[in-house]
Amino acid sequence: MQLPITDISPVVRGHAPYFHDLFQNEPQVRHFDNYLTGLITLENKTMSNITRCILDSADKTNLSRFFTDAKWNAKDVNTARLKYMLEQTEGRRRKIKDSVLPIDDTMCEHVGNLFEYVDKHYNHTDGTFPTAHNLVTSHFVSGAVRFPIDYRLYRRYEEFTQWETYVAQHFPNEPIPKKKKERANFRKRVEPTLLKDPEFLALHQAFQTKITIAVELVEQAIANEIPFGTVLFDSWFLARELIAVLKKHNKHWISILKSNRNVLTSSFTLKDAEGQPIQFEKSKIQLKELVPFIPPSAFKPLEVEGTTYYCFTKNVYLPSLGKVRLVISFDNPECQDNFVALVTDHLSWNAKKIIATYLLRWPIETFYQDCKQLLGLDDYRMRRAPAIGKHWSLVFVAYSFLHLASLPNSQCKKAKSPLKSIGQVVRQQQQAAIEQLILYAHRLLQSGQQATKVFEALFMKQKPISVPIG
């Protein structure tokens, strides 16, 4: 049994009215307020539990229709949220050149395949293939101000194009290989035939890679006048297509560079420990092959956010990307074992500024963690993609409200981080819910109602659990 919720959360009451005009009627407004309150205050974020615990909430069926049938648009909610967040954080954000837009993706894992577009996705953090929705998101970080911008659902090519179905249709007597290499070769062989099928061709042309999605997220952020100067991403997104779009919009970028990326040896001069220029036999060299040529004395120690890095910095040319600034760093003075390479188009920045700026990507990771652990980002039970998208949009709204409550009250641009964590603000909202419950019960008792009747009124929606004896 959980404590009943007698009123909407204070942060919801303070910010939600701005969004009420997006909904068609008062019941939809109540669903909006109640769902946000449930996401913020309840441990169990399912629709059935939210309707059971919030006294003012309609039953689960009505709340379900709010996501599946009600004519409100998740994109409209997100656009309104961005406008509201920019208004609310005016005076607390830093300059555009000091503000960044991290892009990353996360897995919303599930058991079973009843959810629309759920699929097996590769998780590079542990090498597994969980059944999940793969969510690609953009974030905004400007000093203490940090909130999500937008999301897109990434769908694998084979799932999106229904590839296996079309293979079975055009090659009914050929089994599809299971192993990666054989499957890739098979795909190359059958694809010319599949592309002659108009239906498959349409799906093939509509497919979006993660790079395409990243481009879309950047252009959407620009269209919504998000004031950022640099985009941050990992090596997965480092591609010519994205870099070209950033250049078109006069935006800078910083990325991790994979160790197997090639560097043009004619684009730089490297000296050995004796100060003599090193002559390379090839016109291109992989980064992991280049690093051993760099003498340890060329790596300079510098401290960023309390951590010491040993860095080598050089402007070089990368095939397909052009001239970039490369920072190679170790975490030990011997400059041994694993290294991390950052690459950027900020050609005049020093290593400390490049590293410090790239570390601003971390808030998108804590956003994923907070939304999964505290706000039910992956706790949905809706099966259709549009309803799931509405859930994600409301999680973003809940997070944004909590973030506003975590910021300093004064208009201070110098603050480097929020005063409170999202977890602390959530606990404050939960405490407020308990206070509201106590005051609600007190008013009923003061009006002359019996304690048993008050208890029944509070817990009438929560069925007691019968425990068998013996």
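Analyst: A definition comes first: a residue counts as buried under 20% relative accessible area, as exposed over 50%, and as partly exposed in between. The model is predicted.

User: Is cysteine 371 buried or exposed?
Analyst: The cut-off for buried is under 20% relative accessible area. Cysteine 371 has a relative accessibility of 0%, so this residue counts as buried.

User: How many disulfides does the structure hold?
Analyst: Cysteine 108 is in no disulfide, its nearest cysteine sulfur being that of cysteine 371. For the structure, the number of disulfides is 0.

User: How many salt bridges are found in the whole structure?
Analyst: Side chains of opposite charge can pair when their charged atoms come close. One of the pairs here is glutamate 90 with arginine 93, whose closest N and O atoms are 3.2 Å apart. Arginine 93 is buried, with 13% relative accessible area. The search of the whole structure gives 18.

User: Which residue forms a salt bridge with glutamate 116?
Analyst: The closest N and O atoms of this pair are 3.3 Å apart. The pair links distant parts of the chain, 268 residues apart: glutamate 116 is in the loop between strand 1 (100-109) and strand 2 (119-120), and its partner is in the loop between helix 14 (362-374) and helix 15 (385-406). The partner is arginine 384.

User: Which helix holds the lysine that pairs with glutamate 219?
Analyst: Glutamate 219 forms a salt bridge with lysine 248, with 3.6 Å between the closest N and O atoms. Glutamate 219 lies in helix 10 (residues 210-223), so the pair ties together parts 29 residues apart in sequence. Glutamate 219 is partly exposed at 32%, and lysine 248 is exposed at 57%. Lysine 248 lies in helix 11 (residues 240-248).

User: What accessible area do Leu3, Ile434 and Ile438 have together?
Analyst: These residues form a nonpolar patch on the surface. Leucine 3, in the segment before helix 1 (10-15), counts as partly exposed at 45% relative accessibility. Together the patch residues have about 270 Å².

Key
Residues are numbered from 1 along each chain as its sequence is written. This is a predicted model: local features need pLDDT of at least 70, side-chain atom pairs count only at pLDDT 80 or more; totals for chains, interfaces and linings use all residues. Side-chain values use heavy atoms; hydrogens and water are left out. A disulfide is a pair of cysteine sulfur atoms within 2.5 Å. Buried means under 20% relative accessible area, exposed over 50%, partly exposed in between (1.4 Å probe, protein chains only). Patches are made of residues with over 30% relative accessible area and no salt bridge: like charges are joined within 9 Å, nonpolar side chains (Val, Leu, Ile, Met, Phe, Trp, Tyr) within 5 Å. Accessible areas come from the Shrake-Rupley method with a 1.4 Å probe; for residues, only the protein chains shown count as cover. A salt bridge is a side-chain nitrogen of Lys or Arg within 4 Å of a carboxyl oxygen of Asp or Glu. Helices (H or I, at least four residues) and strands (E, at least two) are DSSP runs, numbered from the N terminus.
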